[in-house]
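Biologist: I am new to this structure. Could we go through it together, beginning with the ligand?

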Amino acid sequence: MILSFTCALLLFVAVHTFLSAHSRRNLRRLHVPTACTVLFFLLPIALLLSACGGSGSGGGGSNSAPIASLSATSYTFNGQMTGTTSAAQSFQLSNLGNGPLQISSVGLSGSNASSFTVSTGANACATTLAVNGSCFIYITFNPAAVANCSATLTVSDNSATPTQSIALTGAATPGPGANQTPDTRAAAMVTLMTQAEKLQLVQGGVTTNNTYGYTVPRGAAGWVPGNTRLAIPELYLADGSVGVGNGVGPATALPSSLANAASWDLNEATKYGNIIGTELADYGINVNLGGNINLIGREPRDGRTFETKGEDPILAGKIAAAHLKAIQAQHIIGDIKHFAFNDQETGRTTANAIIDERSGRETDLLAFEIGIKDSGVQSVMCSYNLTNGQYDCENQYLLNQVLKGDLNFPGFVMSDWWATESTVNAALNGLDQEQPNQQYFASLGQAITNTQVPQSRLDNMVQRILRAMYAVGLFDNPQNIQPVPFAADAAVAQELEESGAVLLQNGNNLLPLNASTIQSIAVISGHADTSVLSGGGSAQVQPNGGGLIQATQPCPPCWAQVIWDPSSPLQAIQAIAPNATVTFNDGTNLSSAAALAQSSQVAIVFVTVWSSEGMDQPSIEIQTIDQAQITYPGSQAVLVNAVTTANPNTIVILENGGPVQVPLIRPSDALLEAWYPGQNGGSAIADLLFGKTNPSGKLPVTFPMSDSQLPRPVIPQPTPDGLPFPVNYTEGLNVGYKYFDANNLTPWFPFGFGLSYTTFTMTNAKLANNLSSASNPNFQVTFTLTNTGARAGAEVPQVYLGMPAALNEPPKRLVGWQKVPLSAGAAQQVTIEVDQNDSSQPMSYWNTTTESWTVSPGVYTIYLGNSSVPSSLTTVGTLTVN
Ligand code: BGC
């Protein structure tokens, strides 16, 4: 016990010191002895047996004292039961043991013990609890019983050698047990809560109104206090788009979310979400703010493109859903954001997206629809901007009509940080939780008293938050704070990067390099001697091992840091080619960089483009971006030109957030899009360059030739008066490649494009029409995929659909794909099935008359190929819907 308290004290001091220093601008790392960490967080969690009672419909009651450890053979938990109830209730006891606990008897005794029954159910306690196991005892009160009752629950450890010092933690949770639905459990809990308890749950716990410099427990971005009386857990909310963010602690820096989308592989996306979920859980964070699905093809210069999943609603929706599902599997509430049309950072709090209903539903909102339906994500973050004149966090159409109405979203809507604009409007129009503080919802109680907001609305907000907590298992699964398995997670990060990097050019088949014959390699610029670049803002990960931090904080956004993840491409290249002379030049002196390139067999030049929340790139063109000189004190385009001119065997590596255009690069050069490559990015790049891994990523975003090819060549700017300014989405349905298709524009590199070190053919394509099936209407594209080259690799066959002409849809939309690995020379029959009733609504348009997804009569054309560009597609056939 003394040890426990000593540990607790030490930890408290450590946490306090950390939190005092923490701010969003100044993130530090926390090191705490693991054993102490576990004990500290276990100790204060009371083992409660809540009471029946209260009056009327039942509820309320007193709690037992915390019981922290077991050291004898028999233990008794006292729960004083008082009051009356008219409804049956069951109490759930979760039980976490540090050692095997033999339960030989579970029983109730007391003056009215016969009023209760002890029952088993899902996850009921077996006779032996595993190490760190968890189980539940259901105690049901008989409502026909007396008004005043008392009972004692006894759990006995009758094992042959009773285990000493078994820590028992958990809580007896009022309301129906774990075998009931989240909604039923939440509804029962709502009836037990006082008004003050309800109000506490709909507001963030941050007590200042200061955008920067506030502190939150566990280094999170937000926090909602728990409720000891009712055993409602605290909520710790932290970012995690590309790994665990904020000041939570060192974490595995994953490659960009966009890089993961570029894998076009839902298994890799599940692994991605799993790293985020497990590391959040290891830190005791139970709400993740990471699901950025803004459909960035509308504004590819958006500084947050690296957090997103690309420009296509179906690809983005499916990748995001896989992330969110894997995160929620760790008993963490997932979050999808920023709802909606938050597609540019420039003036993000006053940008007013103007869009028609059909275009909205079929593009940005479709991505959300898929992400929500396929994952069961339990929270949605509304965004800073306005849509059609109403702020998104009080947007009746977006929140009540689309999200909670049409999509039947059962979870809760939280505001982006300080994105709440009012009390009454926000509450009435669908906001369920203000974050991170209570600037507006502090007056919600008064608004209810004044009858401006009905009580039922507050009850619904609370119901939604609680049901989210029940749905992911926050009540049923005690947290298990433990060290992050960094080595294992870094290996996954590397695999994720290798599956998402895109080979854009391979002039003269320069790649892969031959490790056994190459003699000299020049590695130039981009801090490639030590690091790889990462993206900034709230998604910023503090990489394991510490990052190389650039001193200046670029303005805009003026608060984010430029952090280089500690993974050296130079060292990884040298390790693969130990006999080659590998020399680094930082690229700041053009003539010495060119001289090194010239004297080397091969030159590898790194182009690094930093981007962040709170800013947009001034341009797609690297020449123009370089004027900001954030990662390089000159023009990287000029550097690339100097190197490629000096050495015909040049490979350009891009480390960047989203689409860029590198002028003057020649078709004969090799070009690898590495995105922000993450914790083991250096090793991943080296493996790709030498063919240890064959690149198989495909672009999830179009790379335009220039800004002039974009729907808005100049990003709409805020007005000096600070009032809302319009961002007219005149491209409507034509987002990303659809805009290029519709306007016959040839991009630099098209959506869906990516090379390999081998070649593939797709032959003998056939179309099967199963649209008349009542249970599963679908069509299938079957073909033979052959690896015609000499190396193993993976191809991503893509199915696009041309809609009936009368609908005025974009020329085609992506409706299906599959990533297929094949060994050299192998052939495989592949079938891609497109289900008419899938959440992605592949064959439907949004019918504004019926307000529903509708499959129109007409002729549908099916294309197969390996990118969106017409020249890489063949027509498989047509389908007629009558
Ligand atoms: C961002 C959100 C983020 C939140 C908390 C905001 O600035 O827009 O994406 O989750 O901060 O860090």
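Biologist: What is the distance from an oxygen atom of the ligand to an N or O atom in the side chain of R348?

Modeller: The model is a predicted one, and in it that distance is 3.5 Å for R348.

Biologist: And how far from a ligand oxygen is the side chain of K337?

Modeller: For K337, an N or O atom of the side chain is 2.8 Å from an oxygen atom of the ligand. Y384 also takes part, with a polar side-chain atom 3.1 Å from a ligand oxygen.

Biologist: How much of the ligand does the protein bury?

Modeller: The protein buries 99% of the 310 Å² that the ligand exposes when taken alone.

Biologist: Which residues around the ligand come nearest?

Modeller: There are 15 residues around the ligand, and the nearest of them are D239, K337, H338, D416 and E613. Sorted by class, this shell holds seven charged, five nonpolar and three polar residues.

Biologist: Changing topic: where does Q661 lie?

Modeller: Q661 is in the loop that runs between strand β28, residues 650–655, and strand β29, residues 670–673.

Biologist: Is Q661 buried or exposed?

Modeller: Q661 counts as buried because its relative accessibility is 10%, and the cut-off for buried is under 20%.

Biologist: What does Q661 touch, leaving aside residues up to four places away in sequence?

Modeller: Q661 touches I620, E621 and I622, together with P704, M705 and W748.

Biologist: Now the sheet with β11, please. In what order do its strands come?

Modeller: The order is β11-β12-β13, three strands in an open sheet with mixed pairing. At the edges are β11, residues 222–224, and β13, residues 287–288, each of which pairs on one side only.

Biologist: How many bridges join β11 to β12?

Modeller: Three bridges join β11 to β12, which spans residues 235–238, and the two strands run antiparallel. Within this pairing, V224 stands opposite L235 of β12.

Biologist: Through what do strands of a sheet pair in general?

Modeller: Strands of a sheet pair through backbone hydrogen bonds, in either a parallel or an antiparallel way.

Biologist: Finally, the whole protein. How many helices and strands are there?

Modeller: The protein has 20 helices and 41 strands. Of its 882 residues, 63% are buried. The protein exposes about 29,500 Å², of which carbon and sulfur atoms supply 53%.

Biologist: What share of the contacts with a separation of 6 or more joins residues 24 or more positions apart?

Modeller: Such pairs account for 76% of those contacts in the protein.

How values were computed:
Residues numbered from 1 in each chain as written. Predicted model: local features only at pLDDT ≥ 70, side-chain atom pairs only at ≥ 80, totals over all residues. Heavy atoms only, no water. Helix = DSSP H or I, 4+ residues; strand = E, 2+ residues; numbered from the N terminus. Buried < 20%, exposed > 50% of the residue type's maximum accessible area, 1.4 Å probe, protein only. Contact = heavy atoms within 4.5 Å. Near = heavy atom within 4 Å. Polar contact = N/O pair within 3.5 Å; in protein donor to acceptor, adjacent residues only side chain to side chain. Areas by Shrake-Rupley, 256 points an atom, 1.4 Å probe, with all protein chains shown as cover. Nonpolar A, V, L, I, M, F, W, Y, C, P; charged D, E, K, R; others polar. Pairing = 2+ DSSP bridges.
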